[in-house]
Amino acid sequence: KVFTILAERELRQVAAGTMKAWGQMTADERLAAGCAAVDRRYKGLLDNTFDGPDTADSSDEWKKENSAILAIMEADIGVGFSLQSFWSHVIRVAELEHEHLYSSHEFKVLQGRAYEQTRMDCNNGDTANFYKELTEMISLSKFDRRNGCFIPHMSPVWCRLNWVKFGAATITHHTTAARRQLLFHHNSLRGVHALATLYYKLQPLSSSLD
């Protein structure tokens, strides 16, 4: 439901001229849009806000969309916590463990390029196709409640979006008992899938690798 609203928002913004359709952007515009998406996500992580303000769109329509998203995120989903709580305490915490992938200019540009390429690979920037892929990715992911671990469905789109983390960076693997440095450089999408599988399979037990 959230992705449906986000897709409708993007189509509205294109129609209103607030942004260009991805397929109509120049290469430089796509990179700028990709980096802007990374910046907005980083700010949301720091502010603990899933759908933070958009400096390019302060319309009444945006406010209505934001209210609809918040209503979905904060609703009781029958498992003892809301989606907002899940995002805040599981997804957000996991992302902030690797904050350097957002705060470093070099990694921000790499993430921006990865986001841009992912968008263009979805039927030449088609909005509906991209959000359909994200919806499938989330619906097939799993949450290990006992260990508090989110296990993503590593579709090709997920691998592209996470290429920087598992294909071009050094990250620290946090477990309940230890921390270790993992070096992932110049990896293929197939390699990203393999290393990400290893990474999530070993959470949270440090002894699994040792």
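This is a short tour of a predicted model, stop by stop.

**Before you start**

Residues are numbered from 1 along each chain as its sequence is written, and side-chain values use heavy atoms, with hydrogens and water left out. Because the model is predicted, local features need pLDDT of at least 70 and side-chain atom pairs count only at pLDDT 80 or more, while totals for chains, interfaces and linings use all residues.

**Stop 1: confidence**

Colour the chain by pLDDT, the predictor's confidence in each residue, from 0 to 100. The mean for the protein chain is 87, and 88% of its residues reach 70 or more. Now select strand β4, residues 179-184. Helices (H or I, at least four residues) and strands (E, at least two) are DSSP runs, numbered from the N terminus.

**Stop 2: salt bridges**

The structure holds 13 salt bridges. Each is a side-chain nitrogen of Lys or Arg within 4 Å of a carboxyl oxygen of Asp or Glu.

Select Glu-65 and Arg-9. Their closest N and O atoms are 2.9 Å apart. Glu-65 sits in helix α3 and Arg-9 in helix α1 (residues 2-16), 56 residues apart in the chain. Both Glu-65 and Arg-9 are buried. Buried means under 20% relative accessible area, exposed over 50%, and partly exposed in between (1.4 Å probe, protein chains only).

Together with Arg-9 and Glu-65, they are linked in a network of salt bridges.

Next, select Arg-30 and Glu-116. Their side chains meet in a salt bridge, 3.4 Å from N to O. This pair links helix α2 (residues 27-47) to helix α6 (residues 105-121), across 86 residues. Arg-30 is buried at 17% relative accessible area, and Glu-116 is buried at 11%.

Move on to Arg-41 and Glu-95. Here the closest N and O atoms are 3.8 Å apart. Arg-41 is in helix α2 and Glu-95 in helix α4, 54 residues apart. Arg-41 is partly exposed at 36%, whereas Glu-95 is buried at 13%.

**Stop 3: cysteines**

Select Cys-149 and Cys-159. Cys-149 is buried, with a relative accessible area of 6%. Cys-159 is buried too, at 4%. The structure holds zero disulfides (pairs of cysteine sulfur atoms within 2.5 Å).

**Stop 4: a loop residue**

Finish at Val-79. Val-79 lies in the loop between α3 (60-74) and α4 (83-96). With a relative accessible area of 33%, Val-79 is partly exposed.
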